[in-house]
Amino acid sequence: MDTQRVALKLSDISPKFTEETLDEIVRCAGGKRCTGWKIPETNFTKGDAYLSELYRIQLTGEPAEPGRDEPLVVNVVVKTIPKNVGRRNTFRSADFFRNEANFYNVVLKELYRFQDARKPANPFKDINPCYVAYTDGVNDFVAMEDLGQYGYKTASRAEGVGLEECKRCMRSLGRFHALSLAMKEQEPDRFHEIAQQHVEETYYSARLKSWYNNFLQVQIDIARDAMAREYPGTELERTMEKFFDCDLYDHMVYLTHTRNQNSVINHGDCWMPNFLFHDSTPAMRMIDFQLARYCSPALDIAFFVYSCTSQALRDAHYEDLLGAYHGGLAEMLRDLGSDPDTVFPRAELEKEMRQYARFGCGMGIESIPFSLLDESEVPDLDKITGEQAVPIEQLWILRPIASQAGRRRLTDMFRHATDMGYLN
C-alpha cells in the first residue's frame, strides 16, 4: 500500500488497527480496498473523551463503481481504549468499550434490520452505524465516520441549547426508543435476546459500588453545599435531603435494573456533548453508546432534561419537550406497523416519569458539575503511573460550585423534579 509518511503509525492507534482494518472500513464506505491513508492534525481536547483516546484518519480507497476515476475519500474518527494501563483500570475502560462494541456490532444492526424490513416512510437515521468495532479489553477501538466533515458539531457544554434544539433531541430519543418498543411487540424473542445478552449496565451495578460510591459522596456534598448557599432552611432543601436519605448508589442500581413492558434500549449518556447538531439544517446525530442500557425510557428523558436544559426552559416548555418525545415515538411506531395507543400511550409515559425520572437528579449531580469545569480543571489522565486503578475521587477533584448560576442550575433540578412530583 502506498502509505504517506506520518508521525503516527497505525499501531499507535491500536495494535489491532491494521491495514486489513482500513480495507474493511473502505468496503463499509462503498469502496473496494484502501490505497492510502494519512493522520491529519487533530484538535481534540482533554475533555473530549474521558474514557477513551480519539484520533482522526483519512483514507483513500479504490472506488467500487466501474469507470469512476477519482479515489474514494473516507474521513474516520477512531475511539480507542487508553494505552495507559492505570487510566484504563481506573475507569474500567474495557467494560465500556465492550458495551459499545456490542451496541454497534449487534444491537444497532438488529434494530436497523428490523426497521429496514418494515420499510418505514421516515426511517430513524440519527445514529450512524460504525465501520468497525473491536474489543478484547486491551486493544479496543471503534471506528466511525467523521461527522464533522458534514457540518455536525457539539453544542456548548456550559451554555446549553435553546428550545428547538432540545425538542429535536427529545424527538430523536422518542424515535430511537420506538425501535425497541416495536421490535419488542413484533419480534419479542429476538428483542429480548439482544437486550439481555448484548447490553450491560456499566455504571450502576452492585459489583461496581466500591468503584463509584466514594465519588458519588463527593457529588452529594457538592449538591448539599449548593443548596445550603442558595436555599438554606427551605422545603426544597428538605426535599433534596429526603432524596439523599438512602443509599443513593443502591437506589440508582434499582432504577437502572427495574424493567417492565415499557423498557427500551437507552442511549444511557444523554448529556449535551453526545448530541451533534448540523450547522445549517435540523439534522442531528447521537454518538457515544458506552453507557447503553436496557431500562425505562424515563431514564434517558430525565437525564437529558436535567443535564441539558435550564429551569427557565423547563418552566415554560416542559410539556413541549415531553410532547416532542412522545410525538416522535408515536410517529415512528406507526411507521413500523405498531399502534402507539396500545404499545406506549401518553399515559404510560407519564407513569414512567413518575416512577423513574428521579434518576435524572442522581445523574445531574455528576453531569452538572462536570459541565461547568473549565478545560484547565480537567486532569491529565495519562499522568497516572503504574497499572493499579486509582480511586476516582482522588483523580477527579470536584469542588463546590463557585458561581451562583452554576449552583442554581443544580438546585433548580431538584425544584423542577419536586414540582412534577418525581421526588415523592
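Which residues does N262 touch, not counting residues up to four places away in sequence?

Modeller: This is a predicted model, in which local features need pLDDT of at least 70, side-chain atom pairs count only at pLDDT 80 or more, and totals for chains, interfaces and linings use all residues. Residues are numbered from 1 along each chain as its sequence is written, and side-chain values use heavy atoms, with hydrogens and water left out.

Leaving aside residues up to four places away in sequence, N262 touches L181, K184, P297, V343, F344, E348 and E352, where contact means heavy atoms within 4.5 Å. One of these, E352, also makes a polar contact through its side chain with the side chain of N262, at 2.9 Å; a polar contact is a pair of N or O atoms within 3.5 Å, and within protein one must be able to donate a hydrogen and the other to accept it, while residues adjacent in sequence count only if both atoms are side-chain atoms.

N262 lies in the loop between α9 (248-257) and β7 (264-266); helices (H or I, at least four residues) and strands (E, at least two) are DSSP runs, numbered from the N terminus. The relative accessibility of N262 is 1%, so this residue counts as buried. Buried means under 20% relative accessible area, exposed over 50%, and partly exposed in between, with a 1.4 Å probe and protein chains only.

As for the setting, the protein chain contains 16 helices and 10 strands, and 56% of its 424 residues count as buried. Among its contacts with a separation of 6 or more, 79% join residues 24 or more positions apart.
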